[in-house]
Amino acid sequence: FLSSPSPNAHTAHQAAILIQNWYRFTMARLEMRRRYSLSIFQSIEYADEQDQLQVFSTLLFFFPFVPVSHIFTSPSVSQVVDEGLYLTEFEKKIDVPDSYYGPRLSFPLTVEDANALLHAFRNEQLLHARYVLQLLCETRRVLKEMPNITHLSTSYSKEITVCGDLHGNLDDLLLIFYKNGLPSEQNRYVFNGDFVDRGKNSMEILIILFAFLLIYPNDLHLNRGNHEDYIMNLRYGFTKEVSKKYKDHGQQILCLLRDVFSWLPLATIIDSKDRIRGLKSLMRPPKSVRDRQDQLKERIPTTRPSKHIANQNVAGKTQHISLLGSAEHSGSSLPPDPALKEWKQILDILWSDPRSQNGCTPNKCRGGGCYFGPDVTAKLFERYNLKMLIRSHEFKPEGYEISHNGKVITIFSASNYYEEGSNRGAYIKLNPELIPRFVQYQVSKYTRRQNLRERVGTIESSALKCLREKIYAHRSELTSAFAQYDLNGTGRISVNDWAAAMESVLQLELPWRMLHSQLAQTTPDGEVDFMSCFYDLKIGQPIKEVQPALVETLCRYRRDLEIIFNVIDKDHSGLISLEEFGQTWKLFASHLGIDVYDESLDKLVLSIDYNKDGHIDFNEFLEAFHVVHRLEKKANS
């Protein structure tokens, strides 16, 4: 006979259901917090890229008739590092002291030299400037002989590995080589660009990759990313990294790197049968793609495309310096040039992103490139007999993403990109049948000690901190937007109105209703005390007797000003004269339509000149207008 379940068994079953429901609810909340934290990071990153393009248009406003390639560095690349400079001449010009215990390179490089570099960088050693310059000169020589689009076949090796963005994370590159093996004739690699910026070891990554390129030029393929651009480097950290690590020869290295970047290929075709192509990104709809295919042997144009400033080598390749400028700017009297059309195509290649919606629309989030849908991909593949596009350039939490019905793969190799534990990195293994296999990883020194709740809390706390700084930098505009909803002057508005005001000013497309409890205080009746958004923030080193609006504006544009000051500070000393500071800010303010009063600006300039020597230490200037948190809130558990 069947006996009825005992009361204890029934209770245990109910308890199990309750525990299961609680677990699912907790995990869902943690996942929700993780996703909106990553959304905050990505929205701010894209908004920052828009600002980058805006500041470049500002530079064109400042210097309307000067080629931008001449604005940023003087003397020119060819003057600092002569095109015909032999490797032995560096030995005469730059001495390596006996006290230097790092790798000593001899050319042509060998695998032993590459291993010595890997060992040195694991132990946080620097490669001497003489060897860096020699390596870059040799790399430039090799790259200048390569076409814009290189070819690679699976017939010579069992597998091909495709890696995405590294962004200065040396640990990720070392882990890839540890798990997957070093580059060789039997172990071929394609790196899809964005080697530099953001991370602290961009220089080491370049040295390693360039060394293996010289040793295995047919087996290691390096494609250019949008961060292999000297103007991007001014904003996102690589310029500062090089100047800090190589104080005496930093300017030479930066000039030569700018030249090397301009000769990097744009894409790699895997297998001559056009079965798969590994590209940095997809270009505009097929017309511009067709135009680009007809010009494969040409080099990319200069920042401001013009027949007057294009540099060509004997093979007829036009050298490209930077992608962030356009000839279509105010004050330009240059005639229309076919290079401008080509420039736009290359900008699309390096800045565009896939989307699930059909069509091709401007990429308003980044401010450059376009969004392309499955229909654009399908038409392109049909026209050129392609089967798959492997591209990078875009953060993915799991290190990769498959879209457009499996035809487009995004690969992102920088783990912990936004914050420790924020994401995995990944690379792709392609077998002879060209079937992709994904390998995920996460380099971590700390996250293994944390449980999931603690990891999500760390990511969320860091994301909200970045967002609060963004909010404070727009305090005046947000206060005005809030006041439009607060008709009675109570200082309180509804959550819906608060969310609408936040989006109207910041335009980050974030879930503001969900975030309101994290960013502002709520009254018992459910309304938002909108001024509480600013309670926990202030400007570092408050400056008395200075117009508050001016201080806030400088805070908002501090990163843009950093780039502009790099234009003035030719010797990278970090010192700007008071007169140069005032003139530059007035130009910047007039271009952006910002009201500034001479008296207030004079007080500001004098207050920053702490030692009264007539110069401004720009690092102190940046620190003076850095947003700091009065109260660091712990991440909600």
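Close-up A. Glu-138 is at 15%, so it counts as buried. The two side chains meet in a salt bridge, 3.0 Å from N to O. For that label, a side-chain nitrogen of Lys or Arg has to be within 4 Å of a carboxyl oxygen of Asp or Glu. Both residues belong to helix α6 (residues 129–143) and are 3 residues apart, about one turn of the helix. Helices here are DSSP runs (H or I, at least four residues) and strands are too (E, at least two), numbered from the N terminus.

This is a predicted model: local features need pLDDT of at least 70, side-chain atom pairs count only at pLDDT 80 or more, and totals for chains, interfaces and linings use all residues. Residues are numbered from 1 along each chain as its sequence is written, and side-chain values use heavy atoms, leaving out hydrogens and water.

**Close-up B. Arg-198 reaches Glu-45.** Here's another salt bridge, at 3.4 Å from N to O. Arg-198 lies in the loop between β3 (188–191) and α8 (202–215) and Glu-45 in helix α1 (residues 7–62), so the pair ties together parts 153 residues apart in sequence. Glu-45 is buried at 12%, while Arg-198 is partly exposed at 35%.

**Close-up C. Lys-396 with Glu-394.** The closest N and O atoms of this salt bridge are 3.7 Å apart. Lys-396 is buried, at 9%, and Glu-394 is buried too, at 4%.

Note on methods:
Buried means under 20% relative accessible area, exposed over 50%, partly exposed in between (1.4 Å probe, protein chains only).
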